[in-house]
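Welcome, and please load the model in your viewer. We will go from stop to stop, with something to select at each.

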Amino acid sequence: MAGKTTAARPSVVDRVWRWIDERLGLEDLTYPVPAHANNVLYTLGGITAFGVVALIVTGIYLTQFYHGDPTQARESIEYIITTARLGDFVRNLHFWMANLVTITLLLHALRVFVTGSYRAPRELNWIVGVGLLSVMVGLLFTGTVLKWDQEGWEALQHNEEVGELLGGVGVWFTAEFTTSTPLLERLFIAHVAILPLLLVGLMAVHFYLVKHHGMSSVPGHEEQRARELTDTEAAMRSEGYVPFTSHLLHVAGWGLLLTAAGSFLALVVAAPLGDVIEPGEEKTKPPWIFLPLYPFEDWIGIRALLWLPIAALVGMAAVPFIDRFGSSSLRRRWALIAAALVIIAALVALGIYALTSTPAEHIPGMEGE
Ligand code: HEM
């Protein structure tokens, strides 16, 4: 017997892992990504995706109780708050996660902009990102209407006005499109099916392109790369790499922290449900993301709500083609970054101005009612 060695038997965990891996190929997820991928600034997209999952889960629960008929919508929200099991908490969590995810989404887009990661070959992924931003804004807008309080009702009137401005195709946004289903019900379908499907579809394309091009290098770094290397390969050569699974763990950690913050807020601050609808009145202000547009409605009228967002999205989509600085270096791109900072400061100033101004009536036919 002496001298006979036996190989250690694999533990149960090892055997379970191997069983799963052989079937799902999880080992493939350990491919290398640059070490800076675990810097929180490069994790914001993943955190946003984590938050989107939390929004889908809480949204599915709320859909069990919500009623899209205008005569019953508000009552169903009150039912969620007072009677549905955990309804109040889930509604609050859905509201707070929507706000937190909007913040991480904007910070992610800002990081990509500042680091010049929209530059070749990632221009089209930037445009997919602009699509994701538009869908997210659509979800925030339709979500506001669904509350079916005074704010929701006024938002719906704006929806109709903008639809009319659009002419032919715009009829889909108005009650005229069909008499069989109320517009609120159709916006509910947009909120729980059309827009989430678009969001998930665009996210799939976005992730495919991130995988295809690799994570961008830190700004200015691509200048040192050899001709035959991509910026991602050069970054891994100079700074080292981590397995993608380590990046996923970072994303999950931050995502759980975000959900914990959302849960805390959900426990201490209730999601708003404003006054019962008084048709013909216009006295509320929109959620924070729409506030910078609000003064323009005063100055230019309803058409500002159509043309300014379109101009902003087209302007954003054009960024990769405007940038002719030949490097992602912040020093070389200082003029572009300064211009963006001025625009952001102006948006914040407009938002604060909107918040402090007295609500005005914009919808035609409301004046004097
Ligand atoms: C639901 C919304 C979004 C999700 C879930 C998402 C997710 C991600 C993820 C996971 C990455 C990998 C790198 C990182 O996490 O920073 C990424 C990269 C990228 N995203 Fe997004 N994103 C979203 C919206 C946007 C928006 C609004 C833009 C810009 C307008 C954008 C542009 C880009 C670009 C160009 C990259 C490649 C950057 C690089 O390689 O450094 N994304 N996104």
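Start by selecting Arg333 and Asp323, which form a salt bridge with their closest N and O atoms 3.2 Å apart; the term stands for a side-chain nitrogen of Lys or Arg within 4 Å of a carboxyl oxygen of Asp or Glu. Both partners sit in the loop between helix H11 (303-322) and helix H12 (334-356), 10 residues apart. Helices here are DSSP runs of H or I with at least four residues, numbered from the N terminus. Arg333 is buried at 0% relative accessibility, and Asp323 is buried at 5% (buried is under 20% relative accessible area, exposed over 50%, partly exposed in between; 1.4 Å probe, protein chains only).

A note before moving on: this is a predicted model, where local features need pLDDT of at least 70 and side-chain atom pairs count only at pLDDT 80 or more, while totals for chains, interfaces and linings use all residues. Residues are numbered from 1 along each chain as its sequence is written, and side-chain values use heavy atoms, leaving out hydrogens and water.

Next, select Glu151 and Lys147: their salt bridge brings the closest N and O atoms to 2.4 Å, and both residues are buried.

For a contrasting setting, pick Glu22 and Arg23, paired at 3.6 Å between the closest N and O atoms. Glu22 is exposed at 59%, and Arg23 is partly exposed at 47%.

Last stop: which protein residues are donors of the ligand's iron atom? Select His108 and His206, whose NE2 atoms lie 2.0 to 2.1 Å from the iron (donors are N, O and S atoms within 2.8 Å of the metal, or 3.2 Å for Na, K and Ca; water is not among the atoms, so sites may look incomplete). His108 lies in helix H4 (residues 87-114) and His206 in helix H7 (residues 183-213), 98 residues apart.

Notes: Helix = DSSP H or I, 4+ residues; strand = E, 2+ residues; numbered from the N terminus.
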